[in-house]
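Dear colleague,

Please find the structure below, handed over for your records. My findings follow it.

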Amino acid sequence: MSFPPKTVLHAPDAEAEAIRRAVREADLSGLGPGRAVAELKHVPGLVALLADPAVSDWIYDLPRPITPESVTRWVTENQARRLAGEALLLVTLDEAGEVSGYSHIAVWPERSSAELAGAIRADLQNRGQGGTGMARSFGWIFEHLGVRLMCLTAALDNIRSQKGIDAAGFRRMGERDVTRPDGTVRRSVYWELTRDEWERLHRL
């Protein structure tokens, strides 16, 4: 389960409902080609992607163990959360139609906040695609979902993700403990960024 930001915002009812509606009706075209809301037909591809430790070991909120059954539950749960306006589980499809990455956006409409997690297939890592995709996703979450705050975490030894998050302009705010679905606790580096800060960074 994802964890909301340390900073607590309080969204008026109208703002929270607008965020929920934006999640339910999300237009993914701004995220680039090959993006789709995860469906049950994507389960085999997600299992193949996430079974690779180089992809999944860094991510705290994935179902464990990675099995067809656990991933099916994960997809189904996120379909329900999308209808509630509280999450989006997305897949990225390569030119062959295979799952080459995923993104999970947890949303707290009443706090105008979101958290992003995701990964790309191991053979696509370290090619500059991850940073570009992250920046596009951050902008889309702020602009199209309408949240005012985002938080991110990365494992203490996940230097590649840490560098990408720093480069995107997120503020380090110490560390936090996050609990995996299997109950184990992972210490993580923690960042936040507001929509106003993002817009200032990208106007320069």
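A contact, as used here, means heavy atoms within 4.5 Å. This is a predicted model, in which local features need pLDDT of at least 70 and side-chain atom pairs count only at pLDDT 80 or more, while totals for chains, interfaces and linings use all residues. Residues are numbered from 1 along each chain as its sequence is written, and side-chain values use heavy atoms, with hydrogens and water left out.

The protein has seven helices and seven strands (DSSP runs numbered from the N terminus: helices are H or I, at least four residues; strands are E, at least two). From the N terminus, their order is α-β-α-α-α-β-β-β-α-β-α-β-β-α. Of the 204 residues, 48% count as buried, that is, under 20% relative accessible area with a 1.4 Å probe, protein chains only. Among contacts between residues at least 6 apart in sequence, 65% join residues at least 24 apart.

Helix 4 spans residues 68–83; its 16 residues reach 23 Å from first C-alpha to last, close to the 22 Å expected, where the expected span is 1.5 Å times one less than the number of residues. Its buried residues are Ser-70, Val-71, Trp-74, Val-75, Asn-78 and Arg-81. They lie on the same side of helix 4, because they cover an arc of only 135° around the axis, taken from the directions from the helix axis to the C-beta atoms. Their cover includes helix 2 (43–50), strand 2 (87–93) and strand 3 (99–108). After helix 4 comes Gly-85, with a positive phi near 75°.

With kind regards

Notes. Buried < 20%, exposed > 50% of the residue type's maximum accessible area, 1.4 Å probe, protein only.
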